[in-house]
Amino acid sequence: AAALGCRFTTAFRAVVQQGGIASHTTVAIFGCGGLGLSCVMIAAAYGAKRIIAVDVSDMALEKAKEVGATAIVNAKTMDAQKKVSELTNGIGTDLTIDAAGFKATCEDAIHSTRRGGRMVQVGLPIGEQKPIVPMGMIAGRELEIVGSHGCDARDMPKILSLVKSGKLDPKKLIEKEVTLEQGAKALMDMDFGSPTGMLMITQFTDAPQSKY
């Protein structure tokens, strides 16, 4: 249950409820942190036809492939919009998801959406630079821009049913099991970078014994 956490519930709402994923859907997910990887896994659990993962980290992209991405794009070494277009024969994907919240990921997601497709903004905006939203293109191509935030607790049984059926395995995102003390240190170390997967605290120090 702890492995499901916020990332999977948030990803479920973005991909399934706001994104309307289906087995025939092609999807591009921008940002492969905890939320983005969870979006990849939810899309795979629903049998998406094609799942393109986009990030600037090779390590994150390799993890995305492990958990269900059918193609990966390193936005640091190539033009993400152009590559997604190439991978979709110039059409774009039915659904794009910005799971990072950066100016670049938002803009790339919008421009990578096919005509009549849907873009979901689930990554919360980061930084001072604001994305340029091309309203003329959105109108001309009849795109839907949909926001997504959190998940209703009443939807948890649907997520648990995916786990029970074996379609969703949260354990794939557990990178390492640590002690409570190691977990506290890892939390402080996040100021300098974060692990690709989850660190799960499974070892707890015994409470001190009274001398009396």
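G166 is exposed, with a relative accessible area of 55%. Exposed means over 50% relative accessible area, buried under 20%, and partly exposed in between (1.4 Å probe, protein chains only). G166 sits in the loop between α7 and β7 (174-179). From A100, G166 is 66 residues away in sequence and 27 Å away in space, C-alpha to C-alpha.

The model is predicted: local features need pLDDT of at least 70, side-chain atom pairs count only at pLDDT 80 or more, and totals for chains, interfaces and linings use all residues. Residues are numbered from 1 along each chain as its sequence is written, and side-chain values use heavy atoms, leaving out hydrogens and water.

**Helix packing**

Helices (H or I, at least four residues) and strands (E, at least two) are DSSP runs, numbered from the N terminus. The axes of α1 (residues 5-18) and α7 (residues 156-165) come within 11 Å and cross at roughly 95°. That makes α1 roughly perpendicular to α7, a label for angles of 65 to 115 degrees. Axes are lines fitted to C-alpha atoms, for helices over the stretch in contact, and angles run from 0 to 180 degrees between N-to-C directions.

F8, T9, F12 and Q17 in α1 meet M156, K158, I159 and L162 in α7. Contact means heavy atoms within 4.5 Å. T9 is buried, at 13% relative accessible area. Leaving aside residues up to four places away in sequence, T9 touches L4, G150, C151, M156 and I159.

Helix α5 (residues 103-111) has buried residues T105, C106, E107, D108, A109 and I110. These pack against β1 (26-30), α4 (80-87), β4 (93-98), β5 (113-121), α6 (135-140) and β6 (144-147).

**Salt bridges**

The structure holds eight salt bridges. Each is a side-chain nitrogen of Lys or Arg within 4 Å of a carboxyl oxygen of Asp or Glu.

| Pair | N to O distance |
|---|---|
| E86 and K83 | 3.7 Å |
| D94 and R114 | 2.5 Å |
| R154 and D152 | 2.6 Å |

E86 and K83 both lie in α4, three residues apart, about one turn of the helix. E86 is partly exposed at 46%. K83 is partly exposed at 27%. D94 lies in β4 and R114 in β5, so the pair ties together parts 20 residues apart in sequence. R154 is exposed at 69%, while D152 is partly exposed at 31%.

Technical notes: Parallel < 35°, antiparallel > 145°, perpendicular 65-115°, else oblique.
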